[in-house]
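Visitor: I would like to learn to read strands and helices in a model. Please show me the structure to start.

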Amino acid sequence: MPENQVNSSPAVAGQPPAIAVRGLLKVYGRGERAKQALKGIDLDIPRGSFFGLLGPNGAGKSTLINILAGLVRKTAGTASIWGHDIDTDTRLARAAIGVVPQELNLDPFFTPREALEFQAGLYGLPKSERRTDEILAAVGLSDKANSYARTLSGGMRRRLLVAKALVHAPPVLVLDEPTAGVDIELRQQLWAYVRELNAAGTTVVLTTHYLEEAEALCDRIAIINHGTVVASDETPALLRRLDRKDVILTLGADLDAAPAAFADLQAELLDPRRLRLHYRPSQMPFSAVLSRIQAAGLEIVDLSTQEADLEDLFLELTRKRVS
Ligand code: ADP
Ligand code: MG
């Protein structure tokens, strides 16, 4: 466990949030090709949180992260990291954040040790303050410390990127879709380590398009879609708003139409032998749904349930916002 996450401190009332974003706007390109990637983002990420930034591909997650990291220039709005404005207090803002980029952009001819030493040099860390070996051990790369990056597996490269982001002991660690190309075992290791960092006080921001991933890890989730934040809440509260499950029945005989008796369950015939029902777990326990199915006398060959998926959630939240 890194001892010197010195900048980290638990959430304290009166301190500025780990990240505060106001009216953030980003337009890529100009003229007819102009693409509005962020349409006025307002967001507070509390100190000490494990924060999920959840949204489908193209939502604007990386754009937001890259603006915070100083890699993309914003069009308008303000952002501050650990209380430091990214425009007027750039150096301190930059020092307060470590970003693990979505792309695996490693120099193939650097070893992990060299990559971390180089990174430490970029941040002007004197030799005495470097903790290259400690970080390599923490991400499980001690064995590979002196191997060229090009010889590392995808999972190892991802962990090397995490290590690079930690070199300057930032109080805020941002991981942009870090599980792409990482197998399950390494993913578990990565999460275990990031959880430890969070428990020790590091604010962690994770972008993902997997609801389950955000649900499992994050104490707060903001949902971003088409460059707009459509929801931001504590994870349990957000999931309660979801309150929607699907049941798919495989039938023993063909139907012509969805039975009228299931109209309140928004019955939908997917094909003559597959019927989908929607219900709200808070309103109707699953056992009640089962009783209804039995009462209808349908011959059921198979049955599966599904949580509402992310697309449904986006639609729902977006609809609620405009209505
Ligand atoms: P996400 O990370 O949520 O998948 P991005 O921030 O990468 O979303 O992209 C948001 C939108 O901005 C997308 O429509 C994407 O095509 C566009 N975009 C991203 N980067 C660029 C760029 N460098 N030039 C033009 N458009 C871009
Ligand atoms: Mg992205």
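Guide: We take the strands, then a helix. This is a predicted model, where local features need pLDDT of at least 70, side-chain atom pairs count only at pLDDT 80 or more, and totals for chains, interfaces and linings use all residues. Residues are numbered from 1 along each chain as its sequence is written, and side-chain values use heavy atoms, leaving out hydrogens and water.

Visitor: How many bridges join strand E1 to strand E2?

Guide: Strands are DSSP runs of E, at least two residues, numbered from the N terminus; helices are runs of H or I, at least four. Two strands pair if DSSP finds at least two bridges between them. Here E1 (residues 19-28) and E2 (residues 35-45) run antiparallel, joined by eight bridges. Lys26 stands opposite Leu38 in E2.

Visitor: What lies between E1 and E2?

Guide: Six residues; the two strands form a hairpin. In the turn, Gly29 has a positive phi of about 70 degrees.

Visitor: Which residue stands opposite Ile19 in E4?

Guide: Ile81. E4 (residues 76-81) runs antiparallel to E1, with five bridges between them.

Visitor: Which residues of helix H3 are buried?

Guide: Buried means under 20% relative accessible area (1.4 Å probe, protein chains only). In H3 (residues 112-122) these are Pro112, Ala115, Leu116, Gln119 and Ala120. They lie on the same side of H3, because their arc around the axis is only 135 degrees, taken from the directions from the helix axis to the C-beta atoms.

Visitor: What do the buried residues of H3 pack against?

Guide: Helix H4 (132-138) and helix H5 (154-166). Contact means heavy atoms within 4.5 Å. Just after H3, Gly124 takes a positive phi of about 65 degrees.

Methods:
Chains lettered and ligands numbered in written order. Buried < 20%, exposed > 50% of the residue type's maximum accessible area, 1.4 Å probe, protein only.
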